[in-house]
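Subject: Structure handover and notes

Hello,

Please find the structure below, followed by notes on what was found in it.

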Amino acid sequence: MPMWAATLIHQPLYVVPKILSPQSNPKLFAYPLTKSKPKCRRFGFRSRSKKLEVSAAKEQLSELHAQKPDAKKVATEEEDGDEGFDLGWLPAFPHVLIASMSNFLFGYHIGEMNGPIVSVARELGFEGNSILEGLVVSIFIGGAFIGSLSSGLLVDKFGCRRTLQIDTIPLILGALIRWRTMLYISTIPGFIISLGMQFAVESPRWLCKAGRLNEAKTIIRSLWRVSEVDRAIEEFQAVIKNDGSDLDSNWLELLEEPHSRVAFIGGTLFFLQQFAGINGVLYFSSLTFQDVGITSGALASLFVGVTNFAGALCALYLMDRQGRQRLLIGSYLGMAVSMFLIVYAIISPVDEQLGHNLLILGTLMYIFAFAIGAGPVTSLIIPELSSTRTRGKIMGFSFSVHWVCNFVVGLYFLELVEKLGVAPVYASFGGVSLLSAIFAYYFIVETKGRSLEEIEISLNRNFPSRDR
């Protein structure tokens with residue numbers, strides 16, 4: 001299944017607390033949005049890594065295919081017949097849809113815990129204390145951090161399918177031992193995932209690494225073309241022979257090339273993504289709509305949701321046409337422009353109605369730009385660049401960085417807004433967005449139209465792996 005097919009149903013999750021109200025933060029709401037209170041090192045990366053010796057990788061894979069000319073001919077004929085409308089991703093879609101429900105389940109659990117935050121702050125006597133309220137919001141992310149670190153080990157040992165089933169256990173049990181009806185309801189998607197994954201297929205790459213070739217061939221035959229079976233297995237085995245199986249990999253290998261380079265890119269992308277301000281904008285989106293007269297929280301959420309969905313649709317269309325790097329650069333540039341537009345609306349002496357319109361426009365532009373690239377591309381390109389051996393651990397490390405940064409933003413955002421005002425904080429988000437675009441230009445390699453095996457062979461030719 002092509003990576004773009006997962007873009008729409010695999011948008012990253014962000015925590016948005018319901019603590020921004022006049023009752024919970026009177027000091028913060030005392031200031032209207034339209035007014036504001038008063039030589040680089042390149043980490044040893046070389047420019048030639050941008051191309052990753054694509055032709056060399058294609059040549060190496062073509063040597064494998066040369067032994068199966070009949071199969072290659074059949075595959076070519078099938079591809080020519082499908083040029084009109086490609087539905088090759090359709091067989092894999094139900095399996096990806098079930099797996100992606102885990103995002104919904106986790107988001108539901110986070111969302112349902114945001115409601116009691118104001119009551120908890122009032123009962124414990126720290127209502128209005130932005131630091132403590134931010135800590136209450138952010139503390140839920142601690143579990144996500146631990147889960148991110150352990151997920152790589154679980155995936156390496158048990159595979160993706162069993163890992164998702166294991167992950168649903170604490171979510172279901174946690175909901176059952178609590179008394180609120182909305183928490184009981186969250187057990188339903190948990191059971192759906194656990195049961196659904198029993199009928200979903202395992203990753204054929206993982207099965208191949210585990211030595212279960214017959215199962216891998218059966219899955220490839222059912223999800224891809226029959227003619228792809230031998231060719232895919234040969235490519236998988238060629239990469240495993242060169243890089244080794246991830247079943248015996250360890251965390252220290254992330255310090256070796258090319259794994260350290262990919263881990264650095266993954267951690268930096270999530271660091272920049274979070275400090276580019278997505279959570280801050282979502283925190284203040286409801287306040288922005290209230291400032292222009294839209295008092296309905298449901299209507300404000302509808303505007304944000306529709307904008308986010310529209311951006312995801314555009315990303316789905318552009319992902320394999322424009323490429324990951326262009327989409328990421330364009331996304332961050334759009335986010336920077338949006339932030340500076342909001343700052344201009346806040347600090348400039350423009351007409352009040354015009355200022356309100358610019359606030360809404362900038363907010364929706366930012367969310368749309370994020371949904372096009374910074375959101376989905378970050379989650380897609382890291383596993384694409386990761387090697388078969390260390391993919392699980394690199395993803396675990398990258399997402400642990402994501403949750404740590406998410407924790408920090410949730411903890412200090414309100415305090416910074418109270419002390420500095422909205423405009424300086426949003427201006428810093430715009431600056432980080434520009435920095436992110438520069439990082440994407442110099443460090444992100446293009447993976448459009450290339451298989452995971454081809455990308456890995458390219459990386460290994462640049463940085464030969466150690467003998468095992």
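Helix 17 is mostly covered, with 10 of its 10 residues buried. These are Pro-376, Val-377, Thr-378, Ser-379, Leu-380, Ile-381, Ile-382, Pro-383, Glu-384 and Leu-385. Please keep in mind that this is a predicted model.

Helix 17 and helix 18

Helix 17 covers residues 376–385 and packs against helix 18 at an angle of about 150°, the two axes being 9 Å apart. Angles over 145 degrees count as roughly antiparallel, so that is how helix 17 and helix 18 are described. Their crossing is right-handed. On the side of helix 17, the contact is made by Ser-379, Ile-382 and Pro-383. Helix 18 contributes Arg-391, Ile-394, Met-395, Ser-398 and Phe-399. Sorted by class, the contact of helix 17 with helix 18 has five nonpolar residues, two polar ones and one charged one.

Helix 12 and helix 18

Helix 18 (residues 391–420) also meets helix 12 (residues 259–275): their axes come within 8 Å and cross at roughly 25°. Helix 12 is therefore roughly parallel to helix 18, since angles under 35 degrees are counted that way. The crossing of helix 12 with helix 18 is right-handed.

The residues in this contact are as follows:

- From helix 12: His-259, Val-262, Ala-263, Gly-266, Gly-267, Phe-270, Phe-271, Gln-273, Gln-274 and Phe-275.
- From helix 18: Ile-394, Phe-397, Ser-398, Phe-399, Val-401, His-402, Cys-405, Asn-406, Val-408 and Val-409.

By class, the contact of helix 12 with helix 18 holds 12 nonpolar and eight polar residues, and no charged ones.

Which residues does the cis peptide bond join? The residues are Glu-257 and Pro-258, and omega is about 0°. Most peptide bonds are trans. Pro-258 sits in the loop between helix 11 and helix 12.

Helix 6 and helix 8

Helix 6 (residues 141–176) is where Arg-162 lies. The axes of helix 6 and helix 8 (residues 187–199) come within 9 Å and cross at roughly 160°. Helix 6 and helix 8 are therefore roughly antiparallel to each other, and their crossing is left-handed. From helix 6, the contact takes in Arg-161, Arg-162, Leu-164, Gln-165, Thr-168, Ile-172, Ala-175 and Leu-176. Across from them in helix 8 are Thr-187, Gly-190, Phe-191, Ile-193, Ser-194, Met-197 and Gln-198. The residues of the contact of helix 6 with helix 8 divide into seven nonpolar, six polar and two charged.

Arg-162 has a relative accessible area of 32%, so it is partly exposed. Leaving aside residues up to four places away in sequence, Arg-162 touches Gln-198 and Glu-202. Its side chain makes a polar contact of 2.6 Å with the side chain of Gln-165.

Other single residues

Arg-231 is in helix 11 (residues 228–243). Is Arg-231 buried or exposed? Arg-231 counts as buried, because its relative accessibility is 17% and the cut-off for buried is under 20%. The side chain of Arg-231 makes a polar contact with the side chain of Glu-228, at 2.6 Å.

Arg-212 is found in the loop between helix 9 (204–209) and helix 10 (213–223). With a relative accessibility of 35%, Arg-212 counts as partly exposed. Its contacts, not counting residues up to four places away in sequence, are Trp-206 and Leu-207.

Met-365 belongs to helix 16 (residues 352–374). Met-365 is partly exposed, at a relative accessible area of 30%. Setting aside residues up to four places away in sequence, Met-365 touches Val-337, Ser-338 and Leu-341. Met-365 and Leu-341 are 24 residues apart in sequence, and their C-alpha atoms are 9.7 Å apart in space.

Regards

Definitions and conventions: Residues numbered from 1 in each chain as written. Predicted model: local features only at pLDDT ≥ 70, side-chain atom pairs only at ≥ 80, totals over all residues. Heavy atoms only, no water. Helix = DSSP H or I, 4+ residues; strand = E, 2+ residues; numbered from the N terminus. Buried < 20%, exposed > 50% of the residue type's maximum accessible area, 1.4 Å probe, protein only. Polar contact = N/O pair within 3.5 Å; in protein donor to acceptor, adjacent residues only side chain to side chain. Axes fitted to C-alpha atoms, helices over the stretch in contact; angles between N-to-C directions. Parallel < 35°, antiparallel > 145°, perpendicular 65-115°, else oblique. Left-handed = near helix turned anticlockwise from the far one by under 90°. Contact = heavy atoms within 4.5 Å. Nonpolar A, V, L, I, M, F, W, Y, C, P; charged D, E, K, R; others polar.
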